[in-house]
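Please walk through the structure shown here, one element at a time.

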Amino acid sequence: MNSKPKKRFYKYLLSAIGIILICVLGFIAYLYSQGGQKNYTPPKAEEKTNEGQVVSDLMDISHAIESYYAINLSYPPSLKNLVPDFIGKLPTEPLTNSDYIYKALADTAFEVSVQNPQNYNLKELRVRNGKLIKN
Amino acid sequence: MVNLLKIRSYFLLILFFGEMSLYAFQVTNKEDLEKTIGKAIAREINCKEIKVKINFDSNIPSKINNLAVRMDGVNIGGIIADYITIQYNNPSLDYKNLKNQGKLKFLSYSDQKVNVLLSINSLQNYLSLKEKEFGKKNVNIRLKFSPPFIECFYDVPQKEIASETAQIISKFIPGDKLEGYAAFTLHAKKSELSAHSSKVILNHFLIPGSILSTFENKFNPFEKISAINIFNFEINNVVVQSKYVLLTN
């Protein structure tokens with residue numbers, strides 16, 4: 001009398017084990033497919049908003065200028081002097097594709113800014129001596 | 001008698017101030033001061049080269065606006081930094097100490113900026129030293145800077161890694177050597193360096209993040225940057241650039 005529910009239970013148990021097994025094997029296959037020398041590449045950077053990209057670019061340029069100063073004890077005459085030792089490629093503004101503005105203020109300060117902060121609905125968007133000014 | 005004592009104390013006072021202003025006059029010459037500071041640093045810090053640059057205030061010639069010191073090849077807790085540059089804004093120096101004892105002492109300053117540059121070679125040498133220190137052999141690790149990541153290509157015999165780690169790894173991945181790739185970012189807090197991996201491939205398998213986090217917690221922080229005795233600073237930022245890793249305060 002009890003054989004039918006028992007059989008049904010084993011049937012469900014077997015199918016559950018089968019699904020789990022398939023999932024585990026699938027996961028292992030996925031991990032294997034993502035390995036190998038062809039995948040020896042750094043993870044892709046997350047996409048940023050235009051403003052986020054500008055802030056990131058300004059900070060990258062600012063850090064590159066600081067590194068240039070650390071070696072030369074003076075700020076670079078132009079942003080072009082930062083390539084390739086301190087920055088791989090000079091970024092441009094994502095909205096207008098124009099170059100960022102750089103000013104070496106005396107021998108002890110520098111500033112990097114966008115051409116027109118109003119493009120980003122801001123009054124000011126610049127980095128001065130490594131500090132972001134955004135308002 | 002009282003007048004004589006008064007005259008004598010005035011005379012001593014004049015002599016004292018005269019001597020002090022002479023010190024100031026002698027060392028306020030830019031080049032002399034830069035050399036004197038360089039020598040004072042060289043007495044305390046072992047490095048390849050020291051460069052000092054001073055900018056005086058254009059309105060007050062004796063006031064230093066900015067003082068920058070660059071030291072090449074300095075040991076900062078196991079890692080030999082290619083360059084350490086420390087900038088002080090509006091520093092006030094203890095000239096008497098500098099002149100008499102040849103020691104650099106900052107009485108005050110408004111701002112201090114520290115930049116430490118580490119090249120690929122410097123990090124590779126650090127790894128080689130660690131391998132020697134722990135008696136590891138046939139360990140092949142190659143680094144590459146890909147901002148914001150440091151890429152690491154490794155080939156390590158399993159017997160050369162810690163037995164505890166090897167036991168965990170062998171549960172997942174069989175084989176007598178560990179070969180693969182890692183992309184990681186560096187972080188610094190209170191001068192302690194930590195590495196956080198964003199992608200690790202080991203013996204053709206991508207390692208899931210949950211497994212990585214257990215290892216990361218064991219290894220981090222992996223190094224403490226030591227401040228240099230004259231210059232007290234704390235490293236709190238790390239930026240990976242195309243040829244250098246920049247550590248800042």
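In this predicted model, strand S3 (residues 125-128) of chain A runs antiparallel to strand S4 (residues 131-134) of chain A, and four bridges join the pair. One of these links A:Val127 to A:Leu132 in S4(A). The hairpin made by S3(A) and S4(A) has two residues between the strands, and A:Asn129 there takes a positive phi near 50°.

Among the elements of chain A, the lowest mean pLDDT, 88, belongs to helix H1 (residues 3-33) of chain A, and the highest, 93, to H2(A).

Chain B contributes a sheet. Strands of a sheet pair through backbone hydrogen bonds, either parallel or antiparallel. In chain B, six strands in the order S1-S2-S3-S6-S14-S13 make an open sheet with antiparallel pairing. Its edges are strand S1 (49-56) and strand S13 (237-240) of chain B, each of which pairs on one side only. On average, neighbouring strands of this sheet are turned by 15° against each other, direction ignored.

Within the sheet, strand S3 (residues 79-89) of chain B pairs with strand S6 (residues 111-119) of chain B in the antiparallel sense, over seven bridges. B:Thr85 has B:Asn115 as its bridge partner in S6(B). Packed on the sheet is helix H2 (residues 50-72) of chain A, which touches S2, S3, S6, S13 and strand S14 (244-248) of chain B. The direction of this chain A helix makes about 85° with that of S6(B). Chain B has its own helix H2 (residues 30-44), which lies across S1 and S2 of chain B and runs at about 140° to S1(B).

That leaves the contact between the two chains. Chain B supplies 29 residues and chain A 24 residues. On the side of chain B that touches chain A, strand S2 (residues 64-76) of chain B gives the most, with four residues. The residues of that side of chain B comprise 13 nonpolar, 10 polar and six charged.

Conventions:
Residues are numbered from 1 along each chain as its sequence is written. Chains are lettered from A and ligands numbered from 1 in the order in which they are written. This is a predicted model: local features need pLDDT of at least 70, side-chain atom pairs count only at pLDDT 80 or more; totals for chains, interfaces and linings use all residues. Two residues are in contact if their C-beta atoms, placed from the backbone, lie within 7 Å. Ala, Val, Leu, Ile, Met, Phe, Trp, Tyr, Cys and Pro count as nonpolar, Asp, Glu, Lys and Arg as charged, and the others, Gly among them, as polar. Two strands pair if DSSP finds at least two bridges between them. Axes are lines fitted to C-alpha atoms, for helices over the stretch in contact, and angles run from 0 to 180 degrees between N-to-C directions. pLDDT is the predictor's confidence in each residue, from 0 to 100.
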